[in-house]
Amino acid sequence: MTPDKTQEQPLLKTVALKKYFPVGGGMLHAVDGVSLEIAKGKTLGVVGESGCGKSTLGRLVLRLLEATSGEIYFEGRDIRKLSNEEMKAVRPQMQIIFQDPYSSLNPRMSVYELIAEPLIMNHVCKNKKELNMRVLGLMRTVGLATRFVSAYPHEMDGGRRQRVGIARALALQPKFIVCDEPVSALDVSIQAQILNLLMDLQDELGLTYLFITHDLSVVKHISDEIAVMYLGQCVERASSEELFKQPKHPYTKALLSAIPIPKLRPDRKKHIIRGEVSDPIDPKPGCRFSLRCEMCKDPCMGRDVELKEVSQGHFVACRMYEEPGFADDK
Amino acid sequence: MQDTLLEVKNLSVDYETDEATFYAVNDISFKLNEGETVGIVGETGAGKTTTALAIMRLLPARTGRITGGEILFKGEDLLKKPENEMRLVRGALISMIFQDPMTSLNPVMTVGKQIYESLEIHNLEHKSKQQLEERVDELLELVGIPARRKNEYPHQFSGGMKQRVVIAIALACEPKLLIADEPTTALDVTIQAQVLEMMHDLKKRFGTAMIMITHDLGVVAETCDNVAIMYAGELIETGRVEDIFEGTLHHPYTKGLFGSIPDLETSANRLHPIDGLMPDPADLPTGCRFHPRCSQCMEICKTTHPKRVSFNGHDIVCHLFTEGGAGK
């Protein structure tokens, strides 16, 4: 926590959030002690490769999945301690947009029914007329032409389907939205349209996003702050600009240098890491990245590495920055 | 090295269904020299994969139809070959890597056997079983998989490893041409970097020419010599990779594609996407196929199909250039 942020309470804050799934071989550590916070009206991007626990994290903060341990504060209240009844009152304020708009929309419901559903469920509108107004208003907000009001999901392209997904998420006027890879399934030109829409909505409605993606150029574009995840842990967190300018963790560095840049002769050296993500089932204590890390040394094993602030607002979980002289005697 | 390996001339492909005819590929032409890589770039539905399947003559039998053109491979028209001869071309002279390694491998056959299969079919030199098995080991090591894992099944490998197996199968007979259809789209970036590096090394080693089909302009910049931008079944801009990435003259669609990608090196607040959507291939617009979405659309674009204009091998199909005003 940086001193200037303490005055303003973060909208969402997690403390040592964990989720273990029991599997045949033991416990799968999907999310393993993630602490993060998002200020109101800001976007926190969560990046990482498949299987690093980013989607699980998104579902945990909404309590769509129950965490194994840890705390989740939404507007200062620990929502894990709320009863089902109390939780029901909080849920409308926290929404989610899914990756694949095709499988997340009921194929037998029209656009009108899909967008009206959350409004009806929560008894938001007094009468049919008000409901109509709200649905059409939402369609306008997300840029869907009203002629699609009775269309079914299969009649629309991916971009429009995703707009329906966004309209549904916005229906209950939430404060916070988890965007789980909302543009990964879309073509670049459509992707750009949806990203612009999400950013415009944030400006107009003061929304706060937890933006999950594996696409680093997208995350840089939309985020104020970025958290890099590796095997269930957050290994680095910094402002978007800082992270791309001065990545500190060896994994972040490798990840950034692996992105193909649409330029000839980009002025950077390519640095390819070997190997693949190791097993998330009962991982040994120590740095999870140590097996693929070129800088790895004895102290990296045996004890979990904690996220430490190395400069203003820049957090890294790596031994290199904990022990002075770590990198020198190599 | 500068011999033409593949020349596609005025190729058109339709898909015919009971309801409609979809004009998937419309009169495209391009050349590929030996040992070079051409990138075909475009969005979903542009006709990239259809082009690849047409070259391999693997279009779906009932619906896909090549309605015109020639595909000259080393001067021979592949479209005139009978099926039994075509089978000797596939895998041996031209092979293909598909997007999704999870579905392109046989789940009930060990990976070693799947590589062996391809060697056995094209075993023109009548090598012994022993020799072929040795070649399987060699190929696996080549793509970075320990040979002792050859008796394992696809589900025992990760996505990146499976794609390596697919590449090993494709390269088993040292083909002259490799068609890679979105080979790294399903992979994570760090694994993508590994696979691209490996493909680059192998391509150099064997002198294989490659058609790289992708929607990722970053991948194109890293791997290709030539680029063809495809839109609604047409190649709207072709040229050397330098022309596309560093040149100043571009088709408005190419500009739109570049404007849609968030830039990692500078920070822009808004992206500049192309409005609208890809046209329906059953009902293509008249004139220039891009005109309904084009910000620089003129009257002539709505009625007349533009001609190809060439600037030293950099071709653009757009009226902006035919009217004498180069890239207004």
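Predicted model: local features only at pLDDT ≥ 70, side-chain atom pairs only at ≥ 80, totals over all residues.
Residues are numbered from 1 along each chain as its sequence is written, and chains are lettered from A in the order in which they are written. Local features need pLDDT of at least 70, side-chain atom pairs count only at pLDDT 80 or more, totals for chains, interfaces and linings use all residues, and side-chain values use heavy atoms, with hydrogens and water left out.

Helices (H or I, at least four residues) and strands (E, at least two) are DSSP runs, numbered from the N terminus. Two strands pair if DSSP finds at least two bridges between them. In chain B, eight strands form an open sheet with mixed pairing, in the order β6-β7-β8-β3-β9-β10-β12-β11. Strands β6 (94–97) and β11 (308–311) of chain B are at the edges and have a single partner strand each, so one side of each lacks a neighbour in the sheet. Direction ignored, neighbouring strands are turned by 20 degrees against each other on average.

Helix α7(B) lies across β3, β6, β7 and β8 of chain B, at about 160 degrees to β8(B).

The axes of α6(B) (residues 159–171) and α7(B) (residues 189–206) come within 10 Å and cross at roughly 15 degrees. The two helices are therefore roughly parallel, a term for angles under 35 degrees. Residues in this contact include B:Arg164 and B:Ile167 of α6(B) and B:Met198 and B:Leu202 of α7(B). The contact residues comprise eight nonpolar, two polar and one charged. Here Ala, Val, Leu, Ile, Met, Phe, Trp, Tyr, Cys and Pro count as nonpolar, Asp, Glu, Lys and Arg as charged, and the others, Gly among them, as polar.

Helix α1(B) (residues 48–56) is largely enclosed by the rest of the structure, because eight of its nine residues are buried (under 20% relative accessible area, 1.4 Å probe, protein chains only). Among them are B:Lys48, B:Leu53 and B:Ile55. Just after α1(B), B:Arg57 has a positive phi of about 55 degrees.

In chain A, β11(A) (residues 308–311) and β12(A) (residues 314–316) pair in the antiparallel sense over three bridges. These strands form a hairpin with two residues between them, and A:Gly313 in the turn has a positive phi of about 70 degrees.

Key. Axes fitted to C-alpha atoms, helices over the stretch in contact; angles between N-to-C directions. Parallel < 35°, antiparallel > 145°, perpendicular 65-115°, else oblique. Contact = heavy atoms within 4.5 Å. Buried < 20%, exposed > 50% of the residue type's maximum accessible area, 1.4 Å probe, protein only.
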